[in-house]
Amino acid sequence: LAEDVDPSRIKAAQKAAKEFLQDLPSNVRVGIVSFAGNAQVVQHVSQDKDELVAAIDRFQLQRGTATGSGLLLALNTLRPEAKIDLEAALYNPNPFGYNPQGNQGSGGAQSLDAKPKPAERPPEPPGSYKGGAIVLLTDGRRTAGPDPLMAAKKAADLGVRVYTVGFGTPNGFIPGYEGYSFYTQVDEEALKAVAKTTEADYFKAGSAEDLKKVYQHLSTQFTLEKRDTEITSLLAGMALIFILLAMALSGLWFKLGPQSSKNAFQ
C-alpha cells in the first residue's frame, strides 16, 4: 500500500509482472507464489499467459512478510521431485531440525506421529539446474516464517538460482493503515545474500520504471539454451537406413539391368 511508487507499490508491481510475462518466450512455463504472513501457490505452472495474468490480478494484501516461506514454496513448485518437507519447514517453530543445545530432548524420545526423515539428497552445484529459476520480488523484510537464507541454502543445494528484486524507496511508508502509519524498507542485505548463495543476481528497483527495466532484463535470462547432444546413435541409425536403401536399389538394378540392356539391343 505504500505510495512512494506511483500509484502504489502493489499496483506498480502487478503491472510490471504482467508485462514481464508478456515478454517471455511462448514456450516458457511459469508458476506464481504469493506470500504475506504465509505463502500459497496462486497459479500452478502453466504456459497460459491469460491464467497467469488473472492470478496476478487476484492478489490481495495481507499482514506479514514470510519471505522464506514464499521461497520454499516456489522451490517445491519448481522441483517437486526433491520432496521438500514443507510441513516441517513452514510450520515447525524449529525448521530443518536446528538444535542449538545439541540434544534430542528428554531421553531422545520422539512422537509416534513423527514422520520418518527422508533420505538426504546429495547437494548439486549451485546454479547448475537448467530447468528453471525463481524470481523473488519483495518490498519489505521478513516478519514471519523460516529464515530466507536457510531457504536459499536449500535452493543452492538443488542447483536453483534465485534472482531477487527489492522494490520501493527508503522513505516508503503506509499512511493511515488501520489507524497506524508504517514505514516500509527493503531488507537489501538479505536479498543480496539469497542471490549470492544461489549464484544469481540482486536487483534494486526504486520506481515503476526501474522495476520494468529489471523485469525486461530478467526476461532475457529465460531463453532457449543451446546444448551439446550425443548424436552418434542417430548417425549410426541413419547410416543403416542408407545401407539398406543402397542394397534395395542395388537389387532393383540387377533385376532390371539385363532386361534394359536386351531392350536396348533390339
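Colleague: Which exposed residues does the face of helix 6 turned away from its buried side carry?

Modeller: The model is predicted, so local features need pLDDT of at least 70 and side-chain atom pairs pLDDT 80 or more, whereas totals for chains, interfaces and linings use all residues. Residues are numbered from 1 along each chain as its sequence is written, and side-chain values use heavy atoms, without hydrogens and water. Helices (H or I, at least four residues) and strands (E, at least two) are DSSP runs numbered from the N terminus; buried means under 20% relative accessible area, exposed over 50% and partly exposed in between (1.4 Å probe, protein chains only). On the face of helix 6 turned away from the buried side, the exposed residues are Glu189 and Lys196.

Colleague: How wide an arc do the buried residues of helix 6 cover around the axis?

Modeller: Ala190, Leu191, Val194 and Ala195 are the buried residues of helix 6. An α-helix has 3.6 residues a turn, so residues three or four places apart point the same way.

Colleague: Is Thr198 buried or exposed?

Modeller: Thr198 occupies the loop between helix 6 (188-197) and strand 7. Contact meaning heavy atoms within 4.5 Å, Thr198 touches Gly127, Ala152, Ala155, Ala156, Val160, Arg161 and Val162, residues up to four places away in sequence not being counted. With a relative accessible area of 0%, Thr198 is therefore buried.

Colleague: With which side chain does the side chain of Arg79 make a polar contact at 2.6 Å?

Modeller: Arg79 is in the loop between helix 3 (67-78) and helix 4 (86-91), and its relative accessible area of 6% makes it buried. A polar contact is a pair of N or O atoms within 3.5 Å; within protein, one must be able to donate a hydrogen and the other to accept it, and residues adjacent in sequence count only if both atoms are side-chain atoms. At 2.6 Å, the partner side chain is that of Glu81.

Colleague: Which strands stand at the edges of the open sheet?

Modeller: Three strands form this sheet in the order 3-4-7, with parallel pairing, where two strands pair if DSSP finds at least two bridges between them. Strand 4 (residues 162-167) and strand 7 are joined by four bridges. One side of each edge strand is left without a neighbour in the sheet, because each has a single partner strand; these are strand 3 (134-138) and strand 7 (202-205).

Colleague: What is the bridge partner of Phe167 in strand 7?

Modeller: Leaving aside neighbours within four places in sequence, Phe167 has contacts that include Leu137, Val186, Ala205 and Leu211. In strand 7, the residue bridged to Phe167 is Ala205.
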